[in-house]
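Subject: Structure for you to look at

Hi,

Here is the structure I promised to send. Please open it and keep it on screen while you read my notes below.

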Amino acid sequence: MKKILMLAVAMCMAVSVSAQHSVGSISLIPKAGFNLANLAGDVNGNSIKFGFVGGADVMYQLSDLVGLSGGALFSMQGAEGEGDNSFSLFEINIPLLANFYVTKNFALKVGLQPGIIASAKSKSGNVTTTVTSSCQTIELSIPFGASYEYKDFVFDARYNLGVSKINKSNGSQRNSVFQFTVGYKFDL
């Protein structure tokens with residue numbers, strides 16, 4: 001019975017698979033939202049840092065099932081430390097994603113995301129120190145997630161898994177960011 005139910009669901013999904021926009025179309029998607037960021041690697045006592053993310057993506061609808069997108073996003077990342085300590089990263093992220101439409105208006109996405117570290121600050125108590133020079137200029141993440149389109153609004157949730165270290169020293173701190181955005185899709 002379980003196998004029959006799974007087969008029926010798979011067949012319904014295969015019949016209803018389609019993208020919202022026509023094949024060959026190009027769309028601009030301005031978007032804004034928030035990050036829940038932290039650092040992974042050899043770190044202790046860190047907690048999630050809330051931050052803004054905003055920018056735009058350009059989407060090319062390659063087929064009914066696949067869209068390719070690239071964008072530029074200003075992203076506030078980092079981590080909250082113990083007590084009154086924090087680490088803030090201000091990055092320009094360049095997500096390059098493949099969007100796989102599994103049902104109408106619902107896409108799973110995966111890709112690569114270079115990030116340019118524009119500024120990095122460390123705060124301890126009332127003292128804030130710029131530490132940009134001790135950070136890598138470019139870091140790399142693997143974003144994956146899902147989006148849903150409703151009347152040209154695009155609701156996107158993704159996780160950015162940092163694969164390159166942030167600092168130039170021997171530490172292995174990497175970005176770990178959950179990102180939630182809402183955008184609006186304009187056909188060009």
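Start with the contacts of Ala-146. Set aside its neighbours within four places in sequence. Ala-146 is then in contact with Phe-106, Ala-107, Leu-108, Lys-109, Phe-155, Asp-156 and Ala-157. Keep in mind that this is a predicted model.

Where does Ala-146 sit? It is found in strand S8. Take one partner from the contact list, Ala-157. Ala-146 and Ala-157 are 11 residues apart along the chain. Their C-alpha atoms are separated by 5.6 Å.

Is Ala-146 buried or exposed? Its relative accessibility is 19%. Buried means under 20%, so Ala-146 counts as buried.

Now for the empty space. Rolling a probe the size of a water molecule over the atoms shows where such space is left. A search of the whole structure finds one cavity of 30 Å³ or more. The largest cavity holds about 70 Å³ of space.

Which residues lie nearest the centre of the largest cavity? They are Ile-29, Met-59, Asn-99, Lys-109 and Val-154. In total, 14 residues line this cavity. Lys-109 is also one of the contacts of Ala-146.

S1 (26-40), S2 (49-61), S5 (96-103), S8 (138-150) and S9 (153-162) each supply at least two of its residues. The largest share comes from S9, with three residues. S8, the strand of Ala-146, is among the contributors.

Best wishes

Note on methods
Residues are numbered from 1 along each chain as its sequence is written. This is a predicted model: local features need pLDDT of at least 70, side-chain atom pairs count only at pLDDT 80 or more; totals for chains, interfaces and linings use all residues. Side-chain values use heavy atoms; hydrogens and water are left out. On a 1 Å grid over the protein atoms alone, a cavity is a set of points where a 1.4 Å probe fits but cannot get out, and a pocket is an open set with protein on both sides within 12 Å along at least five of seven lines; lining residues have an atom within 4 Å of a point. Grid points are joined across faces, edges and corners, and a volume is the space filled by probe spheres set on the points. Helices (H or I, at least four residues) and strands (E, at least two) are DSSP runs, numbered from the N terminus. Buried means under 20% relative accessible area, exposed over 50%, partly exposed in between (1.4 Å probe, protein chains only). Contact means heavy atoms within 4.5 Å.
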